[in-house]
Amino acid sequence: MSLPLLIKKNHFWLIAIILFIGLLMPLAGLAQASKKAAVNGKVLDAQTGEPLPYATVRLFKRADDALISGNITNEAGQFTLDAPLGEYYALIEFMGYTALKSPAFTLTSEKPDHQLGTLKLQTAGGKTLNEVVVQAEKSSMELSLDKKIFNVGQDLANAGGSATEILSNIPSVSVDTEGNVKLRGSGNVRILIDGKPSGLVSFKGGSGLQQLQGSLIDKVEIITNPSARYEAEGMSGIINIVLKKERKNGFNGSFEVIGGEPTNYGGSANINYRHKKVNFFINYGLAYRITPSRGSLYQELTANDTTAVLRQKYDTRLRGFNNNIRGGLDYFFTETSILTASYLFRRSDVNRIRNLRYDDYRSDQRLRTYTTRQQDEDEDEVNAEYAISYKKTFAREGQELNADFRFLDYWESSDQIYTQDTFNPGGVSDAAKTLFQRSLNDEFEKQYLTQVDYVQPFGEGGKLEAGIRSSFRDMVNDYLVGDQDAAGKITPLPGLDNYFIYDENINAVYGILGNKTKKLSYQVGLRAEHTDVKTTLRETNEVNPRRYANLFPSAHFTYNLPKEHALQISFSRRVRRPVYNDLSPYSTFSDSRNINTGNPNLNPEFTNAFDLGHIKYFDKGSLSSSLFYRHSNGKIATIRRVNNEGVANLRPENLAGEDAYGAEFTGVFTPAPWWKLDQSFNFFRAIIDGSNFEENFSNDTYSWFTRHTSRFTLPKNIDFQVRANYEAPQKTAQGSQRSLYYVDLGLSKDFLNKKATVTLNALDLFNTRISRSVYRGESLEGLAFYTSSKNQGRRRQVNLTLGYRLNQSTASGKTKTLGTE
């Protein structure tokens with residue numbers, strides 16, 4: 001048997017072997033892994049003077065470079081290390097900064113405490129003196145107890161991809177074939193851009209990120225149990241996408257061109273120029289993509305001894321042309337007083353051609369009729385965001401004021417034409433069943449957002465934080481779906497001609513109190529939010545006002561253990577408010593047998609989230625673990641209902657609740673200088689209570705997913721990367737979701753004195769990333785139905801990317817010895 005055929009037949013087992021090795025390696029690393037004294041200090045950004053939270057500080061013996069102790073800095077940049085008496089040096093590291101090595105010092109019984117003072121880290125690539133041998137490299141993953149930071153540029157699988165593809169490569173995050181994002185198995189996650197809401201994820205949720213080029217993204221932050229500082233939206237946590245921006249003096253930038261198959265052409269530029277008090281920045285991305293997808297569905301509808309069978313398949317060709325531009329400036333009144341103004345504009349022009357075929361069978365499995373249907377859609381989207389922010393830091397360390405105002409303006413126009421023909425088994429068309437339909441849909445959104453935050457430190461390590469936030473959001477959807485005659489006149493279909501208005505006002509205030517002792521730090525907070533939502537169907541005069549006020553407490557307690565261990569327990573109350581697509585009754589009519597609609601009567605879902613986290617740093621990496629539990633009331637789930645003609649309607653409903661709990665492990669390990677690996681494993685159980693419906697949509701499921709990445713440094717500046725992903729089967733409210741698995745490969749080489757990089761990657765190498773679902777239930781008329789579906793939203797993708805950096809560093813950093821500059 002040839003090698004390619006052997007690989008094709010055994011790709012599942014290859015994935016399993018890669019994942020198994022990845023699970024064992026961090027454990028092997030851990031197996032390698034008197035009187036005490038203390039070392040204290042504070043870590044700041046050398047240019048801005050801001051504290052650097054979650055920087056890694058490690059203590060080494062001077063004699064043999066053995067690792068003795070380690071810790072991470074708190075939110076004020078402060079740290080404390082415990083160590084036996086002896087002679088040491090400290091190494092301070094933070095993603096994107098040059099590592100800092102302190103002079104040697106001695107801890108004695110006469111002087112058991114040593115102050116390292118204020119340590120200032122330079123951004124990687126900055127000009128510094130006293131540079132020594134390269135020792136630290138910018139990691140693809142930075143772990144801390146309450147936040148995980150992923151440097152997306154280090155991941156070879158991200159080259160040439162969109163923001164959606166970048167998220168699918170991040171541990172704890174999964175993205176389905178429709179672009180919907182899940183965190184720790186939960187679909188309700190809040191996605192922010194640069195820490196604020198964005199029109200990119202307003203109407204369409206996570207699927208809107210498919211229009212944002214990955215080359216514009218600097219890093220992604222995962223916050224699984226946010227404090228009261230953050231808005232309460234997002235029950236499984238927050239994903240914050242940070243776009244690229246520099247503040248280094250002079251002119252610098254990065255440029256990228258992309259080519260791929262299926263068609264993926266594009267380019268991007270990230271440019272920065274700072275002169276004295278003014279810093280200009282601009283990011284531009286251009287992409288042209290043709291994305292093919294395919295799927296199939298099998299459905300049985302049974303009444304007494306009669307079973308009607310539907311076999312359905314489709315293929316889609318999505319052609320998209322996307323433009324993204326973001327620009328702005330920082331004005332430095334002083335280095336502690338900065339005003340920033342920025343503008344973001346995105347335009348997307350899309351044509352979608354979808355061809356469907358429905359084969360209807362009699363109960364004796366003989367073909368009764370078959371129907372063909374084509375969707376031809378032209379869609380234009382424009383998104384603009386205007387923002388102005390101000391930051392003031394004061395003489396006292398940790399005291400600062402932040403104010404932000406932004407305006408989001410979004411519109412989308414969609415024109416869809418559907419043609420449908422029905423044939424007998426012999427291929428003769430039934431002219432009476434021929435349809436020519438038209439769907440016109442215009443959507444508009446305007447949002448005004450104001451936020452002010454203030455931090456006041458007190459004592460040795462305490463702080464008081466407070467803030468206010470107001471959001472005013474107005475959205476409309478003018479839609480019409482109907483039959484169109486030869487003269488172009490549209491006769492609306494029942495219930496599909498209306499003008500939907502969504503008005504949302506949310507006002508919030510919060511307060512946080514935090515303090516710390518030598519080993520214990522705590523932070524308790526309370527957020528109050530008042531929500532005023534009104535939906536209106538203007539044509540039918542249906543008005544649904546909602547007003548409610550809620551309190552959202554949070555608490556985080558962190559305890560630093562000896563030998564580079566830390567433990568944190570946290571709690572927060574979260575909410576999932578129904579968004580525009582959840583509420584709008586507009587039906588997407590591309591598939592006349594499977595119709596998705598919103599539910600104007602949907603209520604919010606509330607969750608109490610608990611998390612117990614542990615992190616261990618060791619010589620060759622780190623391991624983060626956590627146990628989590630979420631109790632939800634009013635769980636929002638999509639319910640499938642089928643009528644006696646076999647037409648399904650999918651609509652969100654409020655179930656009674658859900659209890660979900662699980663364990664998560666994420667590790668970074670360097671078994672050899674030429675080999676680095678990341679591994680994540682997540683196990684969870686979800687108990688769904690759907691007893692409030694007559695059909696009783698209750699279920700109990702166990703599931704898990706894991707991801708392994710190995711990166712190898714080869715001779716001649718070549719890097720090779722392999723990633724394997726596996727998501728186990730799980731039950732849903734009405735059925736189950738089958739397993740999902742796939743492998744990505746990447747290869748890159750630096751040249752031109754490491755100013756340029758060429759990257760070749762293959763995403764879903766074996767073409768196995770296929771979403772498979774099963775639904776079971778009773779139709780509206782009491783008939784039993786069984787539905788099984790397969791969908792492949794993205795086929796195997798191969799990309800070639802060329803990047804060039806102007807006055808910027810590569811991902812590697814240098815270790816700098818602390819001394820006089």
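# A tour of the predicted model

Select Glu-653 and Arg-641 to begin: both are buried, buried meaning under 20% relative accessible area, exposed over 50% and partly exposed in between (1.4 Å probe, protein chains only). This is a predicted model, in which local features need pLDDT of at least 70, side-chain atom pairs count only at pLDDT 80 or more, and totals for chains, interfaces and linings use all residues. Residues are numbered from 1 along each chain as its sequence is written, and side-chain values use heavy atoms, with hydrogens and water left out.

**Stop 1: Glu-653 and its partners**

Glu-653 and Arg-641 form a salt bridge, with the closest N and O atoms 3.1 Å apart; the term stands for a side-chain nitrogen of Lys or Arg within 4 Å of a carboxyl oxygen of Asp or Glu. Because Glu-653 lies in strand 33 (residues 648-654) and Arg-641 in strand 32 (residues 636-642), the pair ties together parts that are 12 residues apart in sequence. Strands (E, at least two residues) and helices (H or I, at least four) are DSSP runs, numbered from the N terminus. Arg-651 counts as partly exposed at 26% relative accessibility, while Glu-653 has a relative accessible area of 9%.

**Stop 2: Arg-577**

Go to the loop between strand 28 (565-576) and helix 4 (580-583), where Arg-577 lies. Is Arg-577 buried or exposed? Its relative accessible area is 6%, so Arg-577 is buried. Show the contacts (heavy atoms within 4.5 Å). Leaving aside neighbours within four places in sequence, Arg-577 touches Glu-233, Ile-506, Glu-529, Thr-531, Tyr-548 and Pro-604. The Arg-577 side chain makes a polar contact with the side chain of Glu-529 at 2.3 Å and another with the side chain of Thr-531 at 3.2 Å. A polar contact is a pair of N or O atoms within 3.5 Å; within protein, one must be able to donate a hydrogen and the other to accept it, and residues adjacent in sequence count only if both atoms are side-chain atoms. Select Glu-233, Arg-527, Glu-529 and Arg-577 together to see a network of salt bridges.

**Stop 3: the largest nonpolar core**

Select Leu-59, Ile-92 and Leu-121, which touch the most other members of the 21-residue largest nonpolar core. Such a core is a set of buried Ala, Val, Leu, Ile, Met, Phe, Trp, Tyr and Cys residues joined through side-chain atoms within 4.5 Å. Among the elements giving two or more residues to this core are strand 1 (36-45), strand 5 (86-93) and strand 8 (113-121). A separate core of 20 residues includes Ile-166, Val-175, Val-220 and Ile-239.

**Stop 4: strand 10**

In strand 10 (residues 148-151), Lys-148 and Phe-150 point one way, Ile-149 and Asn-151 the other, and all are buried. Strand 10 runs antiparallel to strand 14 (residues 217-223), joined by four bridges. Select Asn-151 and then Lys-219, its bridge partner in strand 14.

**Last stop: confidence**

Colour by pLDDT, the predictor's confidence in each residue, from 0 to 100. The chain average is 83, and 85% of the residues score at least 70. Residues 1-9 have a pLDDT below 50 and four contacts beyond near neighbours in sequence. Residues 810-821 also stay under 50, with 44 contacts beyond four places in sequence. Where pLDDT is low, the predicted coordinates should not be read in detail.

Technical notes
Two strands pair if DSSP finds at least two bridges between them.
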